[in-house]
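Here are my notes for you to read alongside the model. Keep the viewer open and look up each spot as we get to it.

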Number of protein chains: 2
Amino acid sequence: MKLIPSPFAPPAFPSLPAVRGVRAATASRGFYARRGIERDDVFLFAFDAGTACAGVFTRSHTASADVLWCREALKQGGGTARALIANSGNSNAFTGPKGVEKNDATLKALAASLNVPRESCFLAATGVIGEPLADPNYVGAIVPDLEQRLGAPDWEACARAFMTTDTYPKASGRTVDLAGAPTRFAGIAKGSGMIAPNMATMLAYVFTDAAVAPDVLQALLEEIADETFNAITVDGDTSTSDTLMVFATGANREPVIASRDDARFAAFAAALHATCLDLALQVVKDGEGASKFVTVRVEGAVSRLSAKTIACHIANSPLIKTAMAAGDANWGRVVMAVGKSLEPISQERLSIWFDGVLVAENGARAPGYDEAAASAVFAQPEFTIRVDVGVGECATQVWTCDLTHGYVDINGAYRT
Amino acid sequence: MKLIPSPFAPPAFPSLPAVRGVRAATASRGFYARRGIERDDVFLFAFDAGTACAGVFTRSHTASADVLWCREALKQGGGTARALIANSGNSNAFTGPKGVEKNDATLKALAASLNVPRESCFLAATGVIGEPLADPNYVGAIVPDLEQRLGAPDWEACARAFMTTDTYPKASGRTVDLAGAPTRFAGIAKGSGMIAPNMATMLAYVFTDAAVAPDVLQALLEEIADETFNAITVDGDTSTSDTLMVFATGANREPVIASRDDARFAAFAAALHATCLDLALQVVKDGEGASKFVTVRVEGAVSRLSAKTIACHIANSPLIKTAMAAGDANWGRVVMAVGKSLEPISQERLSIWFDGVLVAENGARAPGYDEAAASAVFAQPEFTIRVDVGVGECATQVWTCDLTHGYVDINGAYRT
């Protein structure tokens with residue numbers, strides 16, 4: 001089926017800086033060609049020696065072979081990276097021993113072409129789950145060709161190469177000053193359906209020429225994932241391939257940021273956070289069939305985790321998501337979702353706002369309730385649902401989209 | 001909007017027996033009249049002295065005022081019942097002090113008209129959440145009229161009076177022999193959306209003229225609820241009003257079943273179970289927009305609870321539900337849902353069947369996989385998804401329906 005572009009698609013691909021120490025190339029292995037679509041479906045990134053990396057991955061108990069390998073490589077290599085290769089069209093999840101064979105063949109080709117250790121090579125695959133691989137070398141075979149063509153990354157070509165039901169390529173970049181040294185950040189992400197917050201969501205990669213110790217990078221990435229990729233949801237379904245990785249080449253030739261006490265840590269963390277958040281919001285704005293982009297903020301909870309659980313119940317409720325799609329300010333369904341979360345709340349102190357419009361307070365509809373004003377908020381393409389559950393001081397937010405006829409259409413036709 | 005009848009609507013209302021000790025009447029308070037629909041929206045049941053009762057209710061933390069009262073009445077009255085009154089059109093959930101006033105006015109009218117204790121009267125309401133009540137006496141005012149017209153229950157009229165987005169009235173009846181004494185069971189239920197297994201789901205009542213001790217009845221009902229109403233899901237959203245109650249009048253004039261050791265207990269339990277299961281499956285078959293009725297069975301789990309958690313992740317996945325709607329046998333999404341449950345499973349031993357068709361085994365697509373055969377199963381209006389997760393001996397099943405354009409339409413238009 002032909003996908004209708006998201007109403008939130010940016011007018012143009014964003015400008016990304018050239019991150020020193022990173023080279024890339026893309027190619028086609030024909031995953032889409034057999035459906036009559038001419039496009040690249042593989043990318044390869046090569047990193048200079050000395051590149052640190054960190055990653056968070058799906059918590060799914062049916063994680064893909066690629067995810068299992070990345071976890072292992074992070075452990076074996078101690079957070080150093082020389083290559084990243086990803087394909088779209090087949091997720092290499094639930095592919096049994098063949099999936100491991102594909103990884104072995106790919107790693108062998110990478111090690112030989114780039115002359116780097118296996119455990120410095122990271123793999124990803126996205127597409128249909130469980131589709132067997134006819135040829136275990138289907139990615140490995142293209143590695144020598146990709147290696148020949150490595151050069152300054154064409155970020156848009158890379159961001160397009162791993163799209164599946166995405167309707168636009170997602171990227172985010174910035175250059176920040178770390179104690180006088182200009183340092184570049186470039187990130188790309190893909191994801192549109194099977195998006196739910198549980199560790200990282202779908203595939204996202206951030207590249208920077210900052211110099212950062214792997215352990216500092218890993219701890220920071222886990223914190224940031226929790227507030228960005230783990231705070232978005234399209235449908236509450238968690239992918240078998242979720243991956244968020246960051247690669248820090250150190251090519252800005254500055255001393256390594258080896259601890260949080262480093263004067264440059266805060267600026268580095270802020271830039272990485274901004275890049276991840278931008279990418280995460282682009283994923284949810286390209287949610288399958290999305291016509292609304294909604295921030296769900298929960299305040300007054302007993303803990304940040306409790307606030308997030310409540311926010312996810314609101315954001316994942318099919319009844320609320322269909323009401324968003326219809327522009328129906330059905331706030332009673334927000335009450336329902338708060339209740340079914342089973343988290344500590346005070347029904348007597350519960351208050352709800354749609355943007356600035358107070359719709360409920362103290363356990364009942366607000367005295368000055370204005371249906372027209374509430375409906376006007378829900379008619380907008382972007383708005384915020386804010387809930388105060390009245391039992392504590394903790395707050396957080398998640399981001400989601402609506403559930404439309406488009407979602408039903410896309411997911412009835414995806415494999416065909 | 002005009003609701004399209006479920007394809008699973010029975011050709012006719014079932015035949016229900018006259019349960020001795022039960023009288024009923026229905027009336028209209030105009031909840032639907034103002035939308036131009038002429039129908040009754042209140043029912044009253046009156047029970048002879050000596051009627052035992054039991055109930056399970058929503059675990060929601062935003063439970064309706066009616067649910068809160070029923071819990072209190074069960075405690076105060078020790079499981080005895082003289083009246084049950086329910087209305088559709090307004091759920092009396094999140095209505096603040098006004099909701100409690102409505103209950104007080106209703107209970108006062110019931111106690112006066114029927115000359116019975118308050119704590120023997122049970123209340124229910126279903127409809128829009130949070131809609132304030134202009135007149136707290138809106139149900140109480142009709143009680144004297146209802147009391148005048150009490151008589152042998154018109155089961156169909158009662159089952160219709162509490163429908164909301166239901167497209168057909170739901171009822172189930174049987175007469176069984178308890179050690180020579182013919183004993184009657186009649187049950188009615190309503191529910192179509194906001195259906196998720198967490199204690200009882202929506203409103204369901206079973207009436208019997210068996211004589212059963214309240215504590216025996218309560219323990220049995222909790223067990224049965226877990227395998228019937230708590231094992232269905234339409235959309236994973238849990239109602240604020242969920243109620244399942246059973247009323248046993250004892251009018252069959254037999255000795256009370258006072259323990260599980262009673263020779264008649266097994267036959268009584270089987271009849272109650274059959275009635276609850278029939279009602280629960282009717283609810284899911286009338287799921288909002290449903291076009292498919294699907295049994296999800298999980299085997300080989302470490303515990304029954306684990307099996308149920310996995311089954312619910314499959315049954316609630318929007319990606320699987322949209323694939324059901326499209327007749328797309330996308331078994332990779334079943335793998336995804338098993339994984340995101342985070343329950344103990346063995347990916348290497350995981351097997352999946354669609355009806356009798358083996359689609360996956362030992363962690364990969366089945367060697368003899370036949371796409372046409374798998375698709376033929378998904379093209380049927382009713383089928384079973386069976387998964388063996390390969391780590392234990394425990395199994396269970398849940399029942400669900402698909403996610404269609406109809407669901408999106410109904411829930412965008414419900415309040416209007």
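Predicted model: local features only at pLDDT ≥ 70, side-chain atom pairs only at ≥ 80, totals over all residues.

How many Å separate the centres of domain 1 of chain A and domain 2 of chain A?

1. Taken over C-alpha atoms, the two domain centres in chain A are 33 Å apart. To find the domains in your viewer, colour residues 22-285 for domain 1 and 293-413 for domain 2.

2. Now for the place where the chains meet. Chain A brings 59 residues to the contact, and chain B brings 59 residues too. The size of an interface is often given as the accessible area lost when the parts come together. For chain A and chain B, that comes to about 5000 Å² buried between them, with 59% of it on carbon and sulfur atoms.

3. What about charges and polar groups at this interface? The rule finds one salt bridge across it. The partners are E131(A) and R365(B), whose side chains meet with an N to O distance of 4.0 Å. Six residue pairs are also in polar contact across the interface of chain A and chain B, both residues being at pLDDT 80 or more.

4. Which elements of chain A each supply at least two residues to the side that touches chain B? They are the helices α8 (318-326), α9 (332-340) and α11 (405-413), plus the strand β14 (364-365). Among these, α9(A) gives the most, with seven residues. Sorted by class, the side of chain A that touches chain B has 25 nonpolar, 21 polar and 13 charged residues.

5. Next, a backbone detail worth a look. Most residues other than glycine have a negative phi. D355(A) has a positive one, near 45°. You'll find D355(A) in the loop of chain A that runs between β12 (351-354) and β13 (357-361). Is D355(A) buried or partly exposed? Its relative accessibility is 29%, so D355(A) counts as partly exposed.

6. Chain B has a positive phi to show you as well: F94(B), which isn't glycine either, sits near 55°. Where is F94(B)? Look in the loop between β4 (83-90) and α2 (96-114) of chain B. The relative accessible area of F94(B) is 2%, and buried means under 20%, so this residue counts as buried.

7. D355(A) is partly exposed, whereas F94(B) is buried.

Definitions and conventions
Residues numbered from 1 in each chain as written. Chains lettered and ligands numbered in written order. Heavy atoms only, no water. Contact = heavy atoms within 4.5 Å. Buried area = accessible area lost by both parts, 1.4 Å probe. Polar contact = N/O pair within 3.5 Å; in protein donor to acceptor, adjacent residues only side chain to side chain. Helix = DSSP H or I, 4+ residues; strand = E, 2+ residues; numbered from the N terminus. Nonpolar A, V, L, I, M, F, W, Y, C, P; charged D, E, K, R; others polar. Domains from an automatic or database assignment. Buried < 20%, exposed > 50% of the residue type's maximum accessible area, 1.4 Å probe, protein only.
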